[in-house]
Amino acid sequence: MNLAAIPSVDSYVQRVPRLVRVLLCGAALCGILVAMILDRAAILRGGAEVRLATEPVDPRDLFRGDYVVLSYAVSMVETPRGEPPKVGTPVFVRLKPGEGGRHVAAGLSFALPTLGPGEVAIAGKVRGSHECIANPGRPAPPCTPGARIVRVAYGIESYFVPEGEGRAIETTEASRVEVVAAVSASGRAAIKRLLIDGKPVHDEPPF
Amino acid sequence: MLTSSYRKRLEADLPGWVAAGLVTPEAASAIRLRAQEQAGGVRLPAILGMLGGLLLASSVAAFVAANWALMPRPAKVAMILAAIAAALFTAYRLARNGPSLASDAAATCAALIFLAGVALVGQMYHLPADWAAGAITVGLGAFIVAVLMRSDGALVVAFAACLAWLLADLQESGVDFRASPVYLLLCAPAVIVALGRDSRIVHHAAVLAVGAWLALHASASFAESEWPGVLAYWLAITVVFIALGWLSIEGGRPALLAACLPWGLAGYVIVIMMQLLRILERSSSAPGHASVSVVVAGLAAVAALVALVVMARDRRFGSLLAAALALACLLPLVFWSGLGQGLPGRAAVGLLVLASSALMVAAGAAGGLRSVTLAGSAAFAGAVLILLWRTIGSLIDQSLFFLVGGALLLVTAGAMRRLLARTAAPEAAR
């Protein structure tokens, strides 16, 4: 086979007028960016609200500036003893309203679960798992000894703030910081509000 | 397009050829004119334009990182979209007389601003820190620019995004280090486009992107017991790359495959050095085991060696190179035979590495290919240094090993000299 005789992709593309190609290119690039924004706005506008307890820390991203990494109480989900799910496996966590209006994890499943009144299913990916161990002479762990604890990421673990503001949130006592997230019917989540002492400090408009 | 080093060499050689009567002054002038035409004109403005575009894209990236709250989000998004449109329009204007380096620079700038735009949207709207999805998005945008604007720079950005996706996907999986086949869906269209391009940077980026995917098929894990198989697999891949690179250089087409040669040679040096280091350590010289992918890669390497001998136009170079690579391919067999943990196995690996690299130097000299000579020399020098550092047995054993090895090489050199003198065609017959 003579590879040199095969026409290149460019020879076909060149048949399209140059101006049309430039317009198509601009429409594609701008379209992708706008689609990203619209997708997230749809979650914020139509998603069910859940209130989550957090534990913030403040790193810095070279390309994206200051952001607060949020670890949630619902990031650790207790499951019955058994084969641990593989890292990266997509899962759904059932959230139910708990004390003080904060949602707590009520179960983990690999498909969209049937929900009870007030419950919301949030989609995530498995980040790891370990066994809940009770050490004699130490305080009891916040889980059932012997149960498997699965660490789940929901894609709402980063919250970007203006330069320098990340530190202020980081130094705030963990129990005072909460997040209100919007969760779509398919389980995708987006941060809607950041609360300190129950009062909004950052409110997210759809656009 | 001619490389600048070749043009300089041509400029230096032409007066000598004219003086020797090999080329007429008129022919020399015609050659100079042709070389100038193929050089692509003065590139300085385009190079400065490319660097300027890079700085502009960096400026947008820093602006994104500052997360400047004084400007409303829609204004920031509009600014990014306007910057993309301006860069594309500039590329359109500059390409009025056909594709040029300057129009390529502007189109590349559009791809880089799109990359910054993805980061900006992710930051402003707190999108999940999903590196794999981000890399796919950037890769898709850069690929669209590369195809529609015929931009080589954007194609390189697309390959870089492919590699970023590969690493992000491996990090995501956490436990299985085999590259996902999905990668090929992203990478294959870009490789097909790259086949029709003349840019050497694009060719190298394409080979690197495919090579990384192939290299990550060695094993699901990098546990100690897997390493002999992993190194055998990598060695087989480097053999295939070297053979493909050489056959492409000899055949002239496809030019993209010529970029396989330097990456294959670099891989060859690294892998045989790793083999030598591992055999000299008792803890890492165990046989281990091999997966199916190692067997498949091994068969591909054997096919590549046969092709090198049968298809190479320069038979002497092809045979020497094939012999050098075949000796290297015997290294994994020493590990798997179980001899590796004793003195005979260590001596065998040492000898195989030295013999393979010496043959590689000879092949490079025979074929007039500096990169092959350089790789052989680097491997030979590296092997001697490693053997002096880690020693095969006692220092006396080591001294004996070098004595035997040196004597063998001297005998081979003498025999080869006589053989070449006997087989060389008489001057008059050429």
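Biologist: Before we start, what should I keep in mind about the model and its numbering?

Modeller: The model is predicted, so local features need pLDDT of at least 70 and side-chain atom pairs count only at pLDDT 80 or more, while totals for chains, interfaces and linings use all residues. Residues are numbered from 1 along each chain as its sequence is written, chains are lettered from A and ligands numbered from 1 in the order in which they are written, and side-chain values use heavy atoms, with hydrogens and water left out.

Biologist: Happy with that. How many helices and strands does chain B have?

Modeller: Helices (H or I, at least four residues) and strands (E, at least two) are DSSP runs, numbered from the N terminus. Chain B has 18 helices and 0 strands, whereas chain A comes to 3 helices and 12 strands.

Biologist: And what share of each chain counts as buried?

Modeller: Buried means under 20% relative accessible area, exposed over 50%, and partly exposed in between (1.4 Å probe, protein chains only). In chain A, 44% of the 207 residues are buried; in chain B, 43% of the 430 residues are.

Biologist: Could we try single residues? Is B:His203 buried or exposed?

Modeller: B:His203 has a relative accessible area of 4%, so this residue is buried. Its place is in helix H9 (residues 200-215) of chain B. For its surroundings we use contact, meaning heavy atoms within 4.5 Å. Leaving aside neighbours within four places in sequence, B:His203 is in contact with B:Ala194, B:Arg197, B:Asp198, B:Ala255, B:Leu256 and B:Ala259.

Biologist: Which residues touch B:Ser356, leaving aside neighbours within four places in sequence?

Modeller: They are B:Tyr268, B:Ala324, B:Leu327 and B:Ala328. B:Ser356 sits in helix H16 (residues 343-367) of chain B and counts as buried because its relative accessible area is 1%.

Biologist: Where does B:Phe63 fall on that scale?

Modeller: B:Phe63 has a relative accessible area of 22%, so it is partly exposed. This residue lies in helix H3 of chain B. Its C-alpha atom is separated by 9.7 Å from that of B:Lys76, 13 residues apart along the chain.

Biologist: What about charged pairs: how many salt bridges cross the interface?

Modeller: A salt bridge is a side-chain nitrogen of Lys or Arg within 4 Å of a carboxyl oxygen of Asp or Glu. The rule finds 3 salt bridges between chain B and chain A. One of them joins the side chains of A:Asp10 and B:Arg197, at 2.5 Å from N to O.
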